[in-house]
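Open your viewer and get your selection tool ready.

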Amino acid sequence: MNPSEDLGRFQTGTGWHAAPALLAAYAGGRAGPVDSWSLEMHLVSCALCRAELALAMRPVEQATLDAVRARILADTSTSPQPVTGRARRTPAVPGLGAPLAWTARARLVLQPAALAAVLVAVLLAVGLDLLTRGSGPAGGTGGGGLLWLLAPALPLGGVALCSVRDGDACGEAILATPSAGLRLTLWRTLAVLAVSVPAAIAVGAAIGAPQPGLWLLPCLALTSTALALGTIIGLERAAAVSGGAWCALVLGPALLDSGALGLTELQGLAAAATDAPALGPVAQGLWAAAAVTAALVLVHRRVSYEHLSPAHLRSAA
Amino acid sequence: MTIPDFDVPDLDPATGEGIEMSGLAVVVGRRRRTRRAVDGLTLQLGVGVHGLLGPNGAGKTTLMRVLSTVVTPTEGQVRMLGRDVTDAYARREVRRRLGYLPQTFGYYPRFTVREFVTYFAWLKEVPGAGSADAVQHAIARVGLADRADDRMKTLSGGMLRRAGLAQALVNNPEILLLDEPTAGLDPEQRLDFRALLREVGVDTTVVVSTHLVEDVASACTRVAVMDTGRLVHTSTPAELEDLGRQQPTEDAQTGEGRSQERASALELGYTAVLRRHRATTSASGARR
């Protein structure tokens, strides 16, 4: 390196470079305007001189830079709070959004209130069944007949509470999220069915009800009808309507025959449960058709589950 | 000198397209008792903090519900972030970039704050990899970091409100809608909240519905006044203050401190704008 004093530059094999004296003057803010401009022009294209300038600034600036760097590194190694608790322990599922503890997820999809409603419905049906067994005019049946007849409507108690817009404490905030609407309602309904159908089958088996296969299709039809009707009148009311319709269909004929619906009529119903037309082979075809129709209506009107229900709007100022 | 590699979070720059409403009307109520809660509203909102002022029943909450896409307008168009939200696909896309704190906001008593905010991160489809950090950041922003693992039933009303705010912030939204957010906060929390609003409003379209003029005075860059479903006035808070100072009123000089004076000037401007609107509507009603 041969410093050339006159221009503040020296020449190497590849071209001109700034002299250390000029760099030191520039770093200290003592270079004249002309020298500064020419140096800045040169720095734009010359990495070597930029590195030299950095060295020239060392005595003053480097100490400050080092201190700042040390502080930043100290900050970054301590300041992001380690996330403790469930959020950290649960692995993220790709494509499923944020990791959420499975207990929390289960609690959100299968809501405690819906679970309780289903259990109450099953217990009521079992109670009714036990009440009507034994001392009937037919001299006692195998039992389980009434439970079997009412089984398709049992999940409706829980399905009624599956709508985000009608029943959820944070419904309005949830509706404004991309996951809201029919998707979340369907997941919740599925969770209710996944609990209540096996429960009804197990209880039925325990008390000797007829084979459960026959009430699965009506159950599906009633649930999808409730969901489809729910797009118009709200899911809670729709579940009540389709549950009521099922009870009318099953219990109605006995009521019309004898003019009353007492213990003896119920016992008669329970005894003849397997002959009930609502669960017969012709009816099964109709239930399948009803389920498909309701599903089509539901898909067509699914937007309804994405918006606030009219009840909210009435109460709002 | 070697520089260590930092994981810099990839922040989406706000598009700044904001909200455009034109001829918006919402009819609420049933057959016989219908009412136009929002009536012919045309308004554009860009990046910044917009205060939505109006008396009770002015249609503020209904408007917020339309903007949060939970209510479909009866007439008119809403474009959010440059998209028409009547299209289901566009609506989902907008909802991913939306934060909403409703006026009435329930909570799940057995959830911790972290679980609650994580649940909303999940609903808003915040990518799994960064979501634990996003949740922590949102909770820290509203000042609940020390209560993050407490169950919500142990929180006070103001804390629940802030948990609701954390839920709205967790997806780092480009549009943030807050309906009466300062209700239930004590004065100190209100100051913190307004500081947070100013910070968020740098790159986000924030709409704050309120009936507190102080909120507007201290945190908003624009103010829109609504009455009986109509837009009555839009300006900066300073312009509304100027309007207030021009009002010949006996209690104009009662303000003690500067901010109180500002607020009272704003208050006067606000009432003047409302009075003028009511005078013109009743005059046109009399002519008919």
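Here is a short tour of chain B.

This is a predicted model, in which local features need pLDDT of at least 70, side-chain atom pairs count only at pLDDT 80 or more, and totals for chains, interfaces and linings use all residues. Residues are numbered from 1 along each chain as its sequence is written, chains are lettered from A and ligands numbered from 1 in the order in which they are written, and side-chain values use heavy atoms, with hydrogens and water left out.

**Stop one: the whole chain.** Select chain B and color it by secondary structure: there are nine helices and ten strands (DSSP runs, H or I of at least four residues for helices and E of at least two for strands, numbered from the N terminus). Of its 288 residues, 52% are buried (under 20% relative accessible area, 1.4 Å probe, protein chains only).

**Stop two: α1(B).** Now select residues 60-67 of chain B. How many of the eight residues of this helix are buried? Eight of the eight are, including B:Leu63, B:Met64 and B:Arg65.

**Stop three: a helix pair.** Select α3(B), residues 113-123, together with α5(B), residues 157-169. Their axes (lines fitted to C-alpha atoms over the stretch in contact, with angles from 0 to 180 degrees between N-to-C directions) come within 8 Å and cross at roughly 30°. Show side chains: B:Val113, B:Phe116, B:Val117 and B:Phe120 of α3(B) meet B:Ala163, B:Ala166 and B:Gln167 of α5(B), with contact meaning heavy atoms within 4.5 Å.

Conventions: Buried means under 20% relative accessible area, exposed over 50%, partly exposed in between (1.4 Å probe, protein chains only).
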